Amino acid sequence: MNETIKTLVSRRSCRKFIPGKMPSESDLNEILKAGIYAPSGMGRQPVKIIVITNKELRDKISCENGKIMGLKEGVDPFYGAPVIMAVIADKSSSTYIYDGSLVIGNLLNAAESLGLGSIWIHRAKEEFEGDIGKNILKDLGIEGSWEGIGHVALGYADEGGTGTPAERKDNIHWIK
């Protein structure tokens, strides 16, 4: 099996990260490169990635995400990951949700290929509809009609994933 297929088949969501162990900027840049080269409808590339490594802002977003989810205060929906990549997409593109999802998939698989743990976390839509997201966009000078698609939380895994599942042959149907 080639390395790309091996990464795609073996990647699992990480739900426990080594506290405070930040991935290198070089690794983050490689992951981001994979994200921005994801395919998009008609090559429009209507997606932006907001990388949050600032602990104070990261914790603020975690708190907001937990509130949206209905978690008890102090529970981290990002599982202690030191890096949050928020993926947003321009709603004026008819394929924005799909395009943003492909970016997230590339980010997750690139992280795996570099030995980092990652997980897709939802509720970015609600965050970027609220004050915290609007303020982030304003501070970054991002104008227009943007929607949060999801987050990639990443860092060094503190424990292994769930292992490779059994083959999923029932999920494939051929018409020849």
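Student: Is Arg58 buried or exposed?

Tutor: Buried means under 20% relative accessible area, exposed over 50%, partly exposed in between (1.4 Å probe, protein chains only). Arg58 has 6% relative accessibility, so Arg58 counts as buried. Note that this is a predicted model: local features need pLDDT of at least 70, side-chain atom pairs count only at pLDDT 80 or more, and totals for chains, interfaces and linings use all residues. Residues are numbered from 1 along each chain as its sequence is written, and side-chain values use heavy atoms, without hydrogens and water.

Student: Which residue forms a salt bridge with Arg58?

Tutor: A salt bridge is a side-chain nitrogen of Lys or Arg within 4 Å of a carboxyl oxygen of Asp or Glu. Arg58 pairs with Asp59, with 3.3 Å between the closest N and O atoms. Asp59 is partly exposed, at 31%.

Student: How many salt bridges does the structure hold?

Tutor: Six. One of them joins Lys16 and Asp158, 3.8 Å from N to O. Lys16 lies in the loop between helix 1 and helix 2 (25–36), and Asp158 in the segment after strand 4 (146–155), so this pair ties together parts 142 residues apart in sequence. Helices (H or I, at least four residues) and strands (E, at least two) are DSSP runs, numbered from the N terminus.

Student: Where do Glu129 and Lys125 lie?

Tutor: In helix 5 (residues 124–129), four residues apart, about one helical turn. Glu129 is partly exposed at 44% relative accessibility, and Lys125 is partly exposed at 36%.
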